[in-house]
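Please walk through this structure helix by helix. Keep the sequence and the 3D view side by side.

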Amino acid sequence: SESLPARCRTAFRWVLWEGLSPQAVVARFAKEGIEIGERQVSRYLARGCEACRRALDAYEDRPIYQDQQKEGVK
């Protein structure tokens with residue numbers, strides 16, 4: 001989610017989209033001069049999952065249109 005801090009969003013993306021392990025995330029941050037530990041990466045992942053859950057809940061709570069053409073269904 002865009003509301004996550006940059007490091008949190010980056011770590012979440014690296015793990016989920018690039019398949020990096022928490023150890024690899026720590027190493028990649030270290031290459032950029034950012035010292036964090038695996039525990040912090042785990043916290044970032046938890047925050048990212050929670051943000052995704054909130055976004056999905058908001059999406060599911062949106063109004064459902066009766067007119068299917070408004071939803072792009074023909």
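**Around Phe29**

Start with phenylalanine 29. Neighbours within four places in sequence aside, phenylalanine 29 is in contact with Arg7, Thr10, Ala11, Trp14, Ile34 and Ile36. The model is a predicted one. Phenylalanine 29 belongs to helix H2, which covers residues 22-31. Is phenylalanine 29 buried or exposed? Its relative accessible area is 2%, so phenylalanine 29 is buried. Threonine 10 is one of the contacts. Along the chain, threonine 10 and phenylalanine 29 are 19 residues apart. Their C-alpha atoms are separated by 9.5 Å.

Now widen the view to the helix pair. At what angle do H1 and H2 pack? The angle is about 130°, and the axes lie 10 Å apart. That angle makes H1 oblique to H2. Their crossing is right-handed. On the H1 side, the contact is made by Arg7, Thr10, Ala11, Trp14 and Val15. On the H2 side, Val25, Arg28 and Phe29 make the contact.

Next comes helix H3. H3 runs over residues 38-60 and has 23 residues. From its first C-alpha to its last, H3 reaches 33 Å. That is close to the 33 Å expected at 1.5 Å a residue. Which residues of H3 are buried? They are Val41, Tyr44, Leu45, Gly48 and Ala51. These buried residues pack against two helices, H1 (6-16) and H2.

Finally, turn to the cysteines. How many disulfides does the model have? The count is zero. A disulfide would need a pair of cysteine sulfur atoms within 2.5 Å. Take cysteine 8. The closest cysteine sulfur to its own is in cysteine 49, 9.6 Å away, which is too far for a bond. Cysteine 8 is also buried, because its relative accessible area is 0%. Now take cysteine 52. Its sulfur also has cysteine 49 as the closest cysteine partner, at 6.5 Å, and that is too far for a bond. Where cysteine 8 is buried, cysteine 52 counts as partly exposed, at 32% relative accessibility.

Definitions and conventions: Residues numbered from 1 in each chain as written. Predicted model: local features only at pLDDT ≥ 70, side-chain atom pairs only at ≥ 80, totals over all residues. Heavy atoms only, no water. Buried < 20%, exposed > 50% of the residue type's maximum accessible area, 1.4 Å probe, protein only. Helix = DSSP H or I, 4+ residues; strand = E, 2+ residues; numbered from the N terminus. Contact = heavy atoms within 4.5 Å. Expected span 1.5 Å × (residues − 1). Axes fitted to C-alpha atoms, helices over the stretch in contact; angles between N-to-C directions. Parallel < 35°, antiparallel > 145°, perpendicular 65-115°, else oblique. Left-handed = near helix turned anticlockwise from the far one by under 90°.
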